[in-house]
Amino acid sequence: MGRKLCIVWLGILAAGFMLPLVITFTNAFMTETEIFLNYNTSLSVFDVIDGVERRFVPVRLVPREITLGQFRAVLVDQPAFLMLLVNSIRITAPVVVFNLAVSLLTAYGFTSWKWKHKEILFFVYIVVMLMPLQAVLVPNFIIAERLGISQSYWAIIFPGIFAPFGTFLLRQSMGAIPEANFEAARMDGAGEIFIFIFVVMPQMKSGIAALSMLTFIEYWNVVEQAVIFIRDYRLEPLSVFLSRIGEGNIALIFAASVVYMIFPLLWLFLGQEDLQKGIELSGVR
């Protein structure tokens, strides 16, 4: 009985979390007129009682008329949308690739090598990882100013490459590899590079997939850093432009949001098993 109640409760929570996505997806196929009528918030004397607004915005899940006009307006009539989509890729792709490389090498050093003060330095990594983004934006801005990259993508990419979360996640995953594997390889005369490539890497596929997906989602949705470091609107990522795309036409918001969500959702659906396994092996909850 308790198991069934738990499943029902989890189903209700899942439905609540999925509802905004469902509304966004279905509304993307509505006509501009229907969306305007559904979300029009103009009030009449019958909508206010005792000075308090009593009217609720109607939310329709099923369009009366299915149309692809909003997608055409976003992808064809607004060339800036695709240009800013490319900007998001130009920010996200380098962070994912280089953060993965740095995190793998650093995690291997923390896991395989024996050296003094290793745990103290790893504790510093954890402290930095737990610091909120707002606490490190000012130091990042000062460093970027001194390096002359404060108005470029590198001001966002460099901190992302050396973000400590990847090292923490992969070190926890590497800790699950039996120590006997390292000892056997060294006894056979294998060097550190050989051990890293042929012993560690094949057993880190789930951890690598989990880190790449989490990093992609974080920097695909980057907003604060882009607002601070990117002054030229032509260089903005799509995550910033979405807040303005619906000015004068609310219908575009839904279609643009669906296109924007395609990349992270596809990645999550295709790698869901690896993501779950990688997080389980790391011990992160």
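Analyst: Arg171 counts as buried, at 13% relative accessibility, where buried means under 20% relative accessible area, exposed means over 50%, and partly exposed is what lies in between (1.4 Å probe, protein chains only). The model is a predicted one, in which local features need pLDDT of at least 70 and side-chain atom pairs count only at pLDDT 80 or more, while totals for chains, interfaces and linings use all residues. Residues are numbered from 1 along each chain as its sequence is written, and side-chain values use heavy atoms, with hydrogens and water left out.

The side chain of Arg171 meets that of Glu119 in a salt bridge, at 2.8 Å from N to O; the term stands for a side-chain nitrogen of Lys or Arg within 4 Å of a carboxyl oxygen of Asp or Glu. Because Glu119 belongs to helix α5 (residues 118-130) and Arg171 to helix α8, this pair ties together parts that are 52 residues apart in sequence. Helices here are DSSP runs of H or I with at least four residues, and strands are runs of E with at least two, numbered from the N terminus. Glu119, for its part, is partly exposed, with a relative accessible area of 45%.

Arg171 also lies over the face of Phe122, at 4.2 Å from the ring centre; a charge sits over a ring if NZ of Lys or CZ of Arg is within 6 Å of the ring centre and within 35 degrees of the ring normal. Phe122 in turn belongs to a cluster in which ring pairs link it with Phe110, Tyr125 and Phe168. Rings of Phe, Tyr and Trp (its six-membered ring) pair if their centres lie within 6.5 Å, and planes under 30 degrees apart count as stacked, over 60 as edge-to-face and the rest as tilted.

A search of the whole structure finds 13 aromatic pairs. One of them is the tilted pair of Tyr108 and Phe182, with 6.5 Å centre to centre and 45° between the planes. This pair links distant parts of the chain, since Tyr108 is in helix α4 (residues 79-112) and Phe182 in helix α9 (residues 179-187), 74 residues apart. Tyr108 and Phe182 are both buried.

Helices α4, α8 and α9 come together again as the elements against which the buried residues of α10 pack, a contact being heavy atoms within 4.5 Å. In helix α10 (residues 192-200) the buried residues are Ile195, Phe196, Val199 and Val200. They cover an arc of only 115° around the axis, and therefore lie on the same side of α10; the arc is that of the directions from the helix axis to the C-beta atoms. The face of α10 turned away from this buried side carries the exposed residues Ile193 and Phe198.

The search of the whole structure finds three salt bridges. Asp232 forms a salt bridge with Arg234, and their closest N and O atoms are 3.0 Å apart.
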